[in-house]
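This report goes through one structure, site by site. Please keep the sequence and the 3D view at hand while reading.

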Amino acid sequence: MSDPKTSIIDSHCHIVFSSFDEDREKVAQRWRSQGVKALLHACVEPSEIPAIKSMADQFKELRYSVGVHPLDAHHWKPETQSVLKKAALDDQRVVAIGELGLDLFKSNNLSEQLSILIPQLNLAFELNLPVIVHCRDAAKEMLEVFSKLSQDGSCPRGVMHCWSGNVKQMREFLDFGFYISFSGNVTFKNAIDIHECAKYVPSSSFLVETDSPFLSPVPHRGKRNEPSFVKHVVEKISELRNESFAEIAEKTTQNARELFGLP
Ligand SMILES: [Zn+2]
């Protein structure tokens, strides 16, 4: 079971969303009481950056990324790449570019998504920052992009966030040096592929996250998710791997620090 002294990192959350406006301080008290020592706040489009930045002022353990989500492609403007670059260079608490990626589940505008993905991957490589990758029903297309960049020696490092693929796909992303991040959906009873991935992922290659306020883990499924619930993700993975809660918490904390250079 969770020991409050164990350190856990929620490697992906969105507490800037208005669903936290009423009780953000209380939410922070709860993550602190559950041992969440650092959080990475993901960005979906640039107009969020000032609010995320002030959130990092409010909560000292928070770091953040800057980027444009594939389903927010309509927010991309000619100057967006330089806006992201400036934001990343202006604040040392920016530790990644993202979330970026491809989503062919909710949308089919592949060429538009690619047109905002490539400049962000290039920026990450230029700034030597890891990327946070959102990839839904698009593993094949995403692997093609990484493969091409790798051939040119310009593929950034990063994490496949909210992993929902199978073991074969996971191994292909691992081969490109990507980390795999497990979220609340690993706790779902019928998520057989994700369970297999959690069993077989190398211990040096995975992270945990909530993706709050989305995708609450069991036993909070269907309710607003929050960073303290990351413990349920750790619990489920420890059960699947037959390792202790403390071991999973420690490994994923170490991996998140390694990838994002967190304190
Ligand atoms: Zn997200």
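## Metal site

Donors are N, O and S atoms within 2.8 Å of the metal (3.2 Å for Na, K and Ca), and water is not among the atoms, so sites may look incomplete. By sequence, the donor residues of the zinc ion follow the spacing H-x1-H-x84-E-x111-D. They are H12 (NE2), H14 (NE2), E99 (OE) and D211 (OD), which coordinate the zinc ion at 2.0 to 2.6 Å. H12 lies in strand β1 (residues 8–13) and E99 in strand β4 (residues 94–103), a pair 87 residues apart that links distant parts of the chain. Strands (E, at least two residues) and helices (H or I, at least four) are DSSP runs, numbered from the N terminus.

The arrangement is irregular because the 4 donor atoms subtend angles of 86 to 179° around the zinc ion. Four donors count as tetrahedral if all angles lie between 85 and 135 degrees; four count as square planar and six as octahedral if opposite donors are over 155 degrees apart and all others between 65 and 115; anything else is irregular.

## Basis of the model

The model is predicted: local features need pLDDT of at least 70, side-chain atom pairs count only at pLDDT 80 or more, and totals for chains, interfaces and linings use all residues. Residues are numbered from 1 along each chain as its sequence is written, and side-chain values use heavy atoms, with hydrogens and water left out.

## Nonpolar cores

A nonpolar core is a set of buried Ala, Val, Leu, Ile, Met, Phe, Trp, Tyr and Cys residues joined through side-chain atoms within 4.5 Å. The largest one has 69 residues, and F173 and F182 touch the most other members. Helix α5 (residues 139–151) supplies the largest share of this core, 6 residues. Another core, of 13 residues, lies apart from it and includes L40, Y179, L207 and L259.

## L40

L40 sits in strand β2 (residues 36–41). With a relative accessible area of 0%, L40 is buried. Beyond four places in sequence, its contacts (heavy atoms within 4.5 Å) include D10, H12, R63, V95 and F260. L40 and L262 are 222 residues apart in sequence, with C-alpha atoms 9.1 Å apart in space.

Terms used:
Buried < 20%, exposed > 50% of the residue type's maximum accessible area, 1.4 Å probe, protein only.
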